[in-house]
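Work through the exercises below with the sequence and the model open beside you. Try each task before reading its solution.

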Amino acid sequence: MRRTTLTDVAKRAGVSRMTLYRRYPDVDHLVRALMTREFAALLEQVERAYGQGNAREQLVKRAVDAIRLLSANPLMQRVLQLDADLMLPYLTDRLGSTQRLVEQFLVGQIEAGHLDGSIRFGDAKTQARVVLLSTQSMVLSTRPATSGLDFGSLLDELAKQLDGALKP
């Protein structure tokens, strides 16, 4: 992606360069916008998929399913394979818009768990941030994490850890 220009993208998409330059100052901004759109849609799919069980069970199931889908997503795989430094600001400097969406969802799930008694009481924002950081590391580290281990087994173990950490 480092060698790609907005001119290249405009040609391939069949639009004018100015159309792209009005919306995106550079390729990094375009890729980030694409990642946000793609990953937010995927997370909406996960959010709509489940409704059974208490709030903790739903949160754990959705978190594991989101990790599975994000890890298999072609855009995520490509970014991590070819240009992983695109993700670095979201690990070291700030939360991105997708991370904030996930965290907002997690806060809601955790608050629902406080109400139904399935999640131990605590500051929902702090609990959500810990869950976000734990789960995002699985997505970003899929390749090294699965070296010599089965990805499904890792996700099963993560589910147990999340469930145990959130249990009252």
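**Exercise 1.** In which helix is E103 found? State also whether E103 is buried or exposed, and list its contacts.

*Solution.* This is a predicted model, in which local features need pLDDT of at least 70, side-chain atom pairs count only at pLDDT 80 or more, and totals for chains, interfaces and linings use all residues. Residues are numbered from 1 along each chain as its sequence is written, and side-chain values use heavy atoms, with hydrogens and water left out.

Step 1. E103 is found in helix 7. Helices are DSSP runs of H or I with at least four residues, strands are runs of E with at least two, and both are numbered from the N terminus.

Step 2. The relative accessible area of E103 is 11%, so E103 is buried. Buried means under 20% relative accessible area, exposed over 50%, and partly exposed in between (1.4 Å probe, protein chains only).

Step 3. Setting aside neighbours within four places in sequence, E103 is in contact (heavy atoms within 4.5 Å) with L95, K125, A128, R129 and L132.

Step 4. The side chains of E103 and R129 are joined by a polar contact of 2.3 Å. A polar contact is a pair of N or O atoms within 3.5 Å; within protein, one must be able to donate a hydrogen and the other to accept it, and residues adjacent in sequence count only if both atoms are side-chain atoms.

**Exercise 2.** How are helix 4 and helix 7 oriented to each other, and which residues meet?

*Solution.* Step 1. Two packed helices are described by the angle between their axes and the distance between the axes. Axes are lines fitted to C-alpha atoms, for helices over the stretch in contact, and angles run from 0 to 180 degrees between N-to-C directions.

Step 1. The axes of helix 4 (residues 55-72) and helix 7 (residues 97-116) come within 8 Å and cross at roughly 155 degrees. The two helices are therefore roughly antiparallel (an angle over 145 degrees).

Step 2. From helix 4, A55, Q58, L59 and R62 meet F105, L106, Q109, I110, A112, G113 and D116 of helix 7.

Step 3. Of helix 4's 18 residues, 13 are buried, so helix 4 is largely enclosed by the rest of the structure.

**Exercise 3.** At what angle do the axes of helix 8 and helix 10 cross?

*Solution.* Step 1. The axes of helix 8 (residues 124-140) and helix 10 (residues 151-166) cross at roughly 175 degrees and come within 12 Å. Helix 8 is therefore roughly antiparallel to helix 10.

Step 1. V131, T135 and M138 in helix 8 meet L154, L155, L158, L162 and L166 in helix 10.

Technical notes
Angles under 35 degrees count as roughly parallel, over 145 as roughly antiparallel, 65 to 115 as roughly perpendicular and the rest as oblique.
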